[in-house]
Amino acid sequence: MTPVLVADGEVLEGNIVAMQELAREHGVALRPHAKGHRAAWVAARQLTAGAVGVGVATLAEAAIFLEAGVGDVLLTTILPPGRAADAVALGGAGALTVVVHTPELAAAFAAAADGAGVVLPVLVDVDVGQHRGGAPTPAAALAAADAIAAAPSLRMRGVQGYDGHLQGIADPVARADGHAGAMARLDAVLDVLAGAGHALDVVTTAGTATAPLAAVHPRVTELQPGSYALMDRAYAQIGGVAFAQAAFVLTTVTAVLGPGEVIVDAGSRAISSDLGLPQVDGLDATWTVAGDEHGRITGEVGRLRPGDVLRLIPSHTDTTVVLHGAVVPAPG
Ligand SMILES: Cc1ncc(COP(=O)(O)O)c(C=O)c1O
């Protein structure tokens, strides 16, 4: 049945092992971000390889992995205070860790956890340059940490400093420069929190492009990359990111319009274009949107007939997976 988002099991396994090996070599934990696959079967492979848990972006994703029995799920996104009770209800016996950037959000989680009679594990979310809501200064991070430590229903685990603003930098030298700046911001926060006696068991950071840089930073305890497992075209175009393409959207030719043009059943509801067009695997041809359920492929398509199945390489797997629910194993 097409269109469908599939993962090549062998390539996936190679990527999983390679990232796990990077973490092991440098003595840091690996917590793969699971927003790009949303699949318990992929997480199971990552955990078997040695991952300590998974990261998720939404409560719906948290539910997938908590229901699958993953014992350490980190919700990496700052929730609005009104969702605190939902997070606590999902987390149950401490399997879900949340992030907090202000004393106010800490208070909301504390009240929800208190009401449910549970202790909720928490990280302080620090802005290391991405500017999307983490505590912007050491003083702001300290205020959040103090509020967590003061609440008996919260357990301070440490700090998250995700460097999303660096992942798309194609030049490895410019990326490394940016990373040094991000780690300086993280260090300044760690100095202040350590000075105040806060628990810093977890210092988690990095995406696929910065994992090798973060792995050698002496104060980082955990890497949280995600895209490396399935990969996509956007990441493949970035220098120094050596993972293989495992994810494909399978699509079927439905009509042949001429020697250089066919219609397939993967349109905008099957593959995303927010980071550019997907690539047609193995053919010198171009896919463009021809509708919600239709794609147009032009170029070297003269041999194609209705019923033939092609592989499209997503430009961005994170946004393609939401169109499919989750990635599934490739047939055969
Ligand atoms: C907070 C956080 N951590 C880790 C990741 C994984 O990064 P990447 O997919 O670039 O490896 C993401 C991805 O968006 C993220 O938002």
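**A friendly note on the ligand site and backbone**

1. UniProt, in an unreviewed entry, lists residues 246–331 as "domain: D-serine dehydratase-like"; such annotations may be inferred rather than shown by experiment. The span is 6% helix and 41% strand, with its end C-alpha atoms 13 Å apart. Helices (H or I, at least four residues) and strands (E, at least two) are DSSP runs, numbered from the N terminus.

2. Before you read on: this is a predicted model, in which local features need pLDDT of at least 70, side-chain atom pairs count only at pLDDT 80 or more, and totals for chains, interfaces and linings use all residues. Residues are numbered from 1 along each chain as its sequence is written, and side-chain values use heavy atoms, with hydrogens and water left out.

3. Now the ligand. It is surrounded by 13 residues, the closest being T208, Q224, G226, S227 and Y235; a residue is near if one of its heavy atoms lies within 4 Å. This shell holds three nonpolar, eight polar (Gly among them) and two charged residues.

4. Two backbone details deserve a look. T2 and P3 are joined by a cis peptide bond, with omega about 0°, and P3 lies in the segment before β1 (4–7). R38, in the loop between β2 (29–30) and α2 (40–49), has a positive phi of about 50° although it is not a glycine. Most residues other than glycine have a negative phi, and most peptide bonds are trans.
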